[in-house]
Amino acid sequence: MKEIVSLNIGRAGIRVGDEITQTFKQEHDYYHNSPEADYTDGFSTFFGYNEEEKSYQPRSLLIDFEPETLDTLKRSKSGGMYSESNFCEFQDEEVCNYARGYYTVGEEVIGQCMDRIQKIAEDCDSLQGFMGVASLAGGTGSGFGARVLEGVKDEFKSKERLWIPIFPESWLHTSAMSSYDCVLGNEAVRENANIVIPFDSRVDLAGGLDEWKLYDKEFCSINKSIAQVVSYITCSMRFGEGLFCNLKDISKILINNSDLKYLSGAHSSKIVKADKENETNPTEMLLNCLETPFQMIKCDPRIHLKIRSCAIFRNDATLEDINSAIEIINEKSNMSQDWFSDSFQWCQNKLMPIYNNEEGIHQQSGCLTLSNSASVVELFDYIGVKFDHLFSESIKCYFHHYQAEGMELEQFEEARANLKDLEVMYEQMEISPNS
Ligand SMILES: Nc1nc2c(ncn2[C@@H]2O[C@H](COP(=O)(O)OP(=O)(O)OP(=O)(O)O)[C@@H](O)[C@H]2O)c(=O)[nH]1
Ligand SMILES: [Mg+2]
């Protein structure tokens with residue numbers, strides 16, 4: 001099995017990354033209820049054996065400039081999964097915005113950070129690539145995240161770079177400069193990652209995740225939701241068999257133009273009760289994935305063309321049930337004809353995700369759709385308008401903070417123009433998909 005190194009940067013990156021790692025661990029514990037030494041090959045995709053600690057540990061580097069998030073994590077239930085070698089702490093520095101994260105503060109420590117990444121990579125037998133998670137609304141996640149991603153691209157040229165940027169839920173809860181950080185950070189992701197799976201914290205999870213607590217300030221539901229989606233995407237990389245047996249398969253199946261590499265996810269699931277009465281059938285799950293509340297970015301998926309798309313079922317339905325789900329949706333051609341073009345692919349994995357609550361451990365039957373779709377334009381438009389509002393001709397609010405760190409006006413203009421170009425590319429593709 002080829003290894004993947006996880007890079008979790010800034011508060012949101014660390015918390016979401018930890019949720020993903022916990023999800024992987026729970027699934028492996030559940031399906032390989034055996035001593036760690038007997039874990040199948042797939043476990044080593046995201047976990048490696050630490051000779052010093054005599055235990056398996058995540059192949060992750062958790063990077064931050066302020067101690068609070070990592071300290072809280074170390075004290076938490078999942079803290080025991082990690083050792084000091086997983087943490088990359090640069091304490092007592094104030095990062096604040098993209099410019100400090102990328103330039104001044106980032107410049108001082110990027111060498112040390114890359115050494116740590118190199119060390120984790122050296123411990124792999126056959127590294128396939130990296131999976132990064134960071135918010136684009138904070139200085140660490142956007143700025144230092146950009147720096148790390150660029151460093152990884154330079155040092156590991158042939159390796160895959162899957163990036164999971166988290167777009168903010170409300171501009172009220174973020175720094176006034178977040179609109180800039182988002183556009184600048186996204187520009188770095190666009191340029192340096194080769195697969196991007198964005199998550200939009202504005203999504204209304206009420207429809208899709210009724211088993212979980214609705215919106216809360218600690219982002220628990222969205223973090224769990226992101227972890228679930230990542231668990232589907234990587235399922236075959238961890239358990240074998242399926243659509244995405246490695247990161248390259250994602251590009252092969254869903255990305256036909258390397259400029260259009262943003263993939264939109266939708267996820268629907270239901271806890272499987274012991275009597276199986278509540279189990280939802282694949283048709284309902286698949287239909288849900290065509291609806292707004294189940295999307296990972298805020299959009300109306302029905303009005304946008306999907307260049308390529310796929311579905312991953314994690315359930316114990318029969319093949320007949322899944323085929324009939326696909327046929328039923330095919331018939332609703334007015335809203336889904338582009339879903340089931342020749343390039344549409346699907347797979348089923350019978351190892352369902354695991355869900356823990358007060359009543360115990362349950363399996364969750366569900367479906368994930370992942371598509372290369374123009375719906376991401378709705379997100380670009382949203383962050384672009386916010387950026388323009390701050391950067392309007394006469395004011396250029398807060399720009400001096402970035403200038404003080406050495407950034408120039410042209411960099412802002414270029415990042416904004418490139419975001420616009422990306423929007424236009426998706427829109428053109430929607431008009432003439434085969435060009
Ligand atoms: N989904 C999710 N979003 C979060 C979480 N924590 C913070 N955020 C969001 O991410 C934005 C950026 O915050 P942080 O992740 O704290 O920023 P950072 O990357 O540590 O950067 P600094 O500004 O240098 O602290 C916040 O405004 C929130 O909107 C989390 O656990 N999950
Ligand atoms: Mg922070």
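Two residues are in contact if their C-beta atoms, placed from the backbone, lie within 7 Å. This is a predicted model, in which local features need pLDDT of at least 70 and side-chain atom pairs count only at pLDDT 80 or more, while totals for chains, interfaces and linings use all residues. Residues are numbered from 1 along each chain as its sequence is written, and chains are lettered from A and ligands numbered from 1 in the order in which they are written.

**View 1. F90, in the loop between β5 (87-89) and α3.** Leaving out residues up to four places away in sequence, F90 touches F65 and V109. F90 counts as partly exposed because 19 C-beta neighbours lie inside 10 Å (a residue is buried with 20 or more other C-beta atoms within 10 Å of its own, exposed with 12 or fewer, and partly exposed in between). Between F90 and G106 there are 9.9 Å in space, C-alpha to C-alpha, and the two are 16 residues apart in sequence.

**View 2. The protein chain as a whole, with its 14 helices and 14 strands.** Helices (H or I, at least four residues) and strands (E, at least two) are DSSP runs, numbered from the N terminus. The protein chain has 435 residues, of which 47% count as buried. Among its contacts with a separation of 6 or more, 82% are between residues 24 or more positions apart.

**View 3. Helix α3 (residues 98-122) against α4, with axes that come within 8 Å and cross at roughly 45°.** Axes are lines fitted to C-alpha atoms, for helices over the stretch in contact, and angles run from 0 to 180 degrees between N-to-C directions. The two helices α3 and α4 are therefore oblique to each other (angles under 35 degrees count as roughly parallel, over 145 as roughly antiparallel, 65 to 115 as roughly perpendicular and the rest as oblique). Their crossing is right-handed, a term used if the near helix is turned clockwise from the far one by less than a right angle, and left-handed if anticlockwise. On the α3 side the meeting residues include Y98, G106, I110 and M114, and on the α4 side they include G139, F144, V148 and E155. By class, this contact of α3 with α4 has 11 nonpolar, eight polar and three charged residues (Ala, Val, Leu, Ile, Met, Phe, Trp, Tyr, Cys and Pro count as nonpolar, Asp, Glu, Lys and Arg as charged, and the others, Gly among them, as polar).

**View 4. Helix α4 (residues 139-155) beside helix α5 (residues 178-192), with axes that come within 9 Å and cross at roughly 15°.** Helices α4 and α5 are therefore roughly parallel to each other, and α4 passes α5 in a left-handed crossing. Among the residues that make the contact are A146, L149 and K153 of α4, and L184, A188 and N192 of α5. The contact of α4 with α5 has six nonpolar, six polar and three charged residues.

**View 5. The surroundings of ligand 1, made up of 22 residues, of which the closest are G10, R11, A12, G138 and G141.** A residue is near a molecule if its C-beta atom, placed from the backbone, lies within 6 Å of it. Two or more residues of the shell around ligand 1 come from each of α1 (10-31), α4 and α6 (220-233), and α1 gives the largest share, five residues. The shell divides into nine nonpolar, 10 polar and three charged residues.
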